[in-house]
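Please examine the sequence and structure shown here before reading on.

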Amino acid sequence: CRAAPERLRYAIPEEMGSGSVVGPLARDLGLSTADLPARQLRISSEKHYFAVSADTGHLYVSEHLDREEMCGDSASCSVSLEVVVQNPLNVFHVDVDIKDINDNAPVFSEASVDLEIGELILPGTRFPLEMAEDPDVGSNSLLSYQLTENPSFKLEVKEIPSGKKLPELVLKAALDREKQSSFQMVLTAVDGGSPARSGTVQIRINVTDANDNAPVFGKGTYEARVRENVPTGSLVLQVRATDADAGSNGRVSYSFSNVPDAVRAVFSIDSDSGDILSVGTLDFELRKEYIFGVAARDGGGLGGHCQVHIEITDENDNAPEITTLSVSSSVPEDSPPGTVVALIKVRDRDSGENGKVWCELEGESPLSIVASSGSSYKVVTASALDRERASEHNVTVVASDRGSPSLSSRTTLSLSVSDVNDNAPVFEEAAYSAYVSENNAAGAAVLRVRARDADAGANGRVSYWLVGGSAGEAAAAAAPYVSVEARSGTLYAQRSFDYEQCREFAVEVRAQDGGSPARSSTATVRVFVLDLNDNAPHVLWPTAATPGSPGSSSVVSGPFEVVPRSAEAGYLVSKVVAVDADSGRNAWLSYELVQATEPALFRVALQSGEVRTARAVSERDAARQRLVVAVKDHGQPALSATATLHVVLAESLQEALPALSERAAGAESPSDLQFYLVLALALLCALFVLSVALAVAARVRRA
């Protein structure tokens, strides 16, 4: 909508029927018909004289317009409207001038006037008559008076200080009661409208004996100033008329002269003293002045008139009135400073300094109030809004006038701040660590990550995803190790972990909200696989062992060792070498001699697995010895393996052959057969080397 700081003004005559078009309001504001539903063009006013068509945007009359009822006797009459549009919020001011039409005829307060005139009254004597009242204004209320023809009386019009015309009956010729004791005439008041309207009053004159002095007021116009809200019964003004006659002809009584009911409702006049008293509430805001006539009449029927002008002075008796024209139900938190959130109108019915109003906001809030056109104010955002800090702001608008003492009014505005997706999810920890024992069940929960989003609704609803990670070469070629549940953030194992294949791995978890566009953050989850004692020791020498179940052993047959019979105690026979794929205590190995042909002849080092002689070899010891060594780890429960070592006590290989032959003849087990096969292979190799050496030596000797 275009900027319209000027006031739109329309003029219409009063008495227009309901539904009559005043003017094309939407077009004058620069709005097209297609914009009307979105802009919500409407009128904000206390009195609903006018309305706006939702289809055409025309301003039309919604109630009967009576200028005299709306504005009284004011020279001008206009209705001020405030037109509000939304999206964006703005207000425009429209004035509709109500033009007067001649819809009221002049009216006299009474249908007839009785005058008593003494027969001795001299020609030229004036008798003031009652003025007619016409509620219209301007030319429609300009009155002229006409009197029916009469040989004894004529009509003259006198203009009084207020600008009104006072009709006066003037005696043209001397009266003779004996010839004619009464007269009847008709006074007609005609206004200046087109067509003209008129009103009449019948004048009846009774000719009496000598009462030759009429009451005379001390002033033609009495003026007084009185403050509004004076107590009932207070003296406002005193009028005084004197009559030179004596007796009843000189006794004066006072009365109102053709005054409207509005005057009689607030003033009364004492018929004897001429005191004008307040009998009703005087309200400056309803009426600022009263102008009316007062008549004085003596006992002989003669009368006089004066004008009374009472001005009402204002007091600060009205607090400012605050009207909320429009208020936004909610404002996005990313609204820029200066966004209009509410439009209010302030009105003080007092005038002058008492009617000057200023507004402010109570308390601390990110809002401020700025003056708009006329008496309107805008409540705007003064700084950035943050729904996460305050989702609602309750501000109090205080309107105070400049009277003494000052009066003020308050109204509370409630503003809801709607959420926008301005916060990314935040993990409770930047990095998570989880410890899982190997051989876990697939699908077991590993860890739960949690991220919080300060936004609301879908903007604060967090979902979790895996975005990558590392688990070494072994894991790279395998299926994913973990998965994450989108809603809860719980990580589940996708497979059973094996410490010996992967000791730790890391994944990145992304937390993403449901806003548009979505915001996200990531956290690293490092999973450490804890070792279990699930691997038995593996014998590398004398031979590889077949692992057994926890607490059990496996038997391994191996090669033989030749120990000379001259060996002393501590002679190194062999060394059992074993490894354990586990780690830590589960991989700590100890060696123990569990079976031997001569248990006292050999010993095994607990930590190194070295097999040594425990004493010197004697001739009584058997030539062939069989040793079984157990290798055990320190896990819970412990796992173990065994290795079998064959020892031949002989000074040389040739000496050991008979013992080996005996062993081969009596061998029944696959282990003994293996021993003999290895021994035969060694002998064949030795013979082959000896043959080659002899052949080379023979050639050298021949050469």
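## Salt bridges and a buried glycine

Arg 387 is buried, because its relative accessibility is 16%; buried means under 20% relative accessible area, exposed over 50%, and partly exposed in between (1.4 Å probe, protein chains only). The model is predicted: local features need pLDDT of at least 70, side-chain atom pairs count only at pLDDT 80 or more, and totals for chains, interfaces and linings use all residues. Residues are numbered from 1 along each chain as its sequence is written, and side-chain values use heavy atoms, with hydrogens and water left out.

Arg 387 forms a salt bridge with Glu 388, that is, a side-chain nitrogen of Lys or Arg lies within 4 Å of a carboxyl oxygen of Asp or Glu. Glu 388 is partly exposed, at 24% relative accessibility.

| Salt bridge | N to O separation |
|---|---|
| Arg 204 and Asp 114 | 2.9 Å |
| Lys 154 and Glu 156 | 3.2 Å |
| Arg 387 and Glu 388 | 3.4 Å |

Strands (E, at least two residues) are DSSP runs, numbered from the N terminus.

Gly 274 is in the loop between strand E20 (267-269) and strand E21 (275-278). Gly 274 counts as buried because its relative accessibility is 0%. Leaving aside neighbours within four places in sequence, Gly 274 is in contact (heavy atoms within 4.5 Å) with Leu 237, Gln 238, Val 239, Tyr 254 and Ile 269.

Definitions and conventions
Helix = DSSP H or I, 4+ residues; strand = E, 2+ residues; numbered from the N terminus.
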